[in-house]
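Here are my notes on this one, as promised. Have the model open while you go through them.

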2 protein chains.
Amino acid sequence: MRTLDTTDLRILVELSRTPEATTVALAHALSLSRNTVQARLARLTEEEVFLPFERRISLEALGHPLTAFVQIHVHQQQLTRITEALKGIPEVVQAHGLTGTADVLARVAARNAEDLFRIHSRILRIDGVDRADTSLAMAELVPWRAVPLVHSLLDRG
Amino acid sequence: MRTLDTTDLRILVELSRTPEATTVALAHALSLSRNTVQARLARLTEEEVFLPFERRISLEALGHPLTAFVQIHVHQQQLTRITEALKGIPEVVQAHGLTGTADVLARVAARNAEDLFRIHSRILRIDGVDRADTSLAMAELVPWRAVPLVHSLLDRG
DNA sequence: GAACACCCTGAGCATCCTGCTCAGTGGATC
DNA sequence: GATCCACTGAGCAGGATGCTCAGGGTGTTC
């Protein structure tokens with residue numbers, strides 16, 4: 001995978017500032033020609049630097065304001081099947097396989113406390129799941145961000 | 001906050017399928033008039049149903065392919081200051097205040113193992129942090145998704 | 001029933017953006 | 001010098017955008 005250069009990073013920052021910006025606006029903001037920006041955007045898209053649009057959908061707007069993290073202990077031999085079962089639960093928004101004490105960390109979106117309990121139970125009932133510990137997110141202390149990382153890259157080189 | 005109706009949800013699904021779709025294309029795909037789609041998109045934007053573009057930047061493309069979850073135990077009275085300190089670390093991509101055993105769950109993006117160790121140490125050095133347990137994400141078993149949730153809402157009503 | 005609010009539709013129009021091509025320039029590499 | 005690569009400026013046809021307007025459906029309220 002190619003390492004993004006300064007121009008790429010500046011495009012990402014500018015896009016984060018004004019996501020709806022047109023190619024012309026971007027070119028103007030970065031003092032580049034429209035041609036260049038167009039080529040860069042095409043390449044960034046080609047290289048899948050942009051994640052799916054899905055990530056921009058607000059779960060809160062979907063009526064699921066609660067976020068919870070479920071630490072799941074499983075029989076590791078059955079991980080593949082368990083993963084499929086997790087995918088069958090629409091409220092499971094993301095799941096990672098982890099090192100350490102827990103095997104799987106699932107991120108869950110729920111309507112309310114009862115809803116969360118229902119989802120928790122559903123995860124527990126998956127065959128091969130030993131235990132599941134749910135932690136409710138009370139606050140998003142640091143909202144998702146990537147721009148600071150981009151800036152730290154810009155500062156270095 | 002308004003509850004999204006069927007048309008809104010269908011727009012979200014279609015946008016997830018083809019994020020680069022123009023208003024005209026969307027209108028055609030959903031058998032709606034361009035006027036309607038334009039009004040809906042404006043309203044969805046106004047209501048902040050769309051999260052910041054930042055969420056679509058691939059951390060892997062930024063040269064940080066490693067994801068880790070750091071469970072942080074803190075002196076709760078100093079949570080505000082600790083939050084600010086976390087914000088000062090660009091590799092901390094997101095952080096939540098949790099119920100349960102740990103106080104804070106931070107999501108970290110790292111270049112490699114040594115980089116992760118460095119970030120872990122930096123978190124540990126924050127004043128008021130008791131301990132920090134890092135779990136490395138070995139696999140994204142369920143990649144981030146919202147569409148299944150949207151579909152479950154569409155199926156209900 | 002009448003008035004009202006709300007949403008969708010189709011049309012129109014000026015302006016702007018897009019995707020594409022081409023020729024020219026400058027830097028870096030060998 | 002020759003080659004490669006990226007950026008630039010220009011041009012052009014086609015299409016999209018933002019906006020407005022009039023009209024029609026539907027549901028609500030009094």
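1. With that, the surface near DNA strand C comes out as seven polar, four nonpolar and one charged residues. "Near" is for a residue whose C-beta atom, placed from the backbone, lies within 6 Å of the molecule or strand.

2. Before going on, the ground rules. This is a predicted model, where local features need pLDDT of at least 70 and side-chain atom pairs count only at pLDDT 80 or more, while totals for chains, interfaces and linings use all residues. Residues are numbered from 1 along each chain as its sequence is written, with chains lettered from A and ligands numbered from 1 in the order in which they are written.

3. α2 (23-29) of chain A and α3 (34-46) of chain B each supply at least two residues here, and α3(B) gives the most, with four residues. Helices (H or I, at least four residues) and strands (E, at least two) are DSSP runs, numbered from the N terminus.

4. Now DNA strand D. The residues around DNA strand D include T7(A), L32(A), S33(A) and T36(A), plus T22(B), T23(B) and V24(B). At least two residues each come from α3 (34-46) of chain A and α2 (23-30) of chain B; α3(A) has the largest share, three residues. By class, the surface near DNA strand D has seven polar, three nonpolar and no charged residues.

5. On to the fold of chain A: six helices and four strands, in the order α-α-α-β-α-β-β-α-β-α. UniProt, in an unreviewed entry, lists residues 70-139 of chain A as "domain: Transcription regulator AsnC/Lrp ligand binding"; such annotations may be inferred rather than shown by experiment. That span is 30% helix and 43% strand, with its end C-alpha atoms 16 Å apart.

6. Finally, overall shape. The C-alpha trace of chain A spans about 55 × 35 × 25 Å along its principal axes.

Methods
Nonpolar A, V, L, I, M, F, W, Y, C, P; charged D, E, K, R; others polar.
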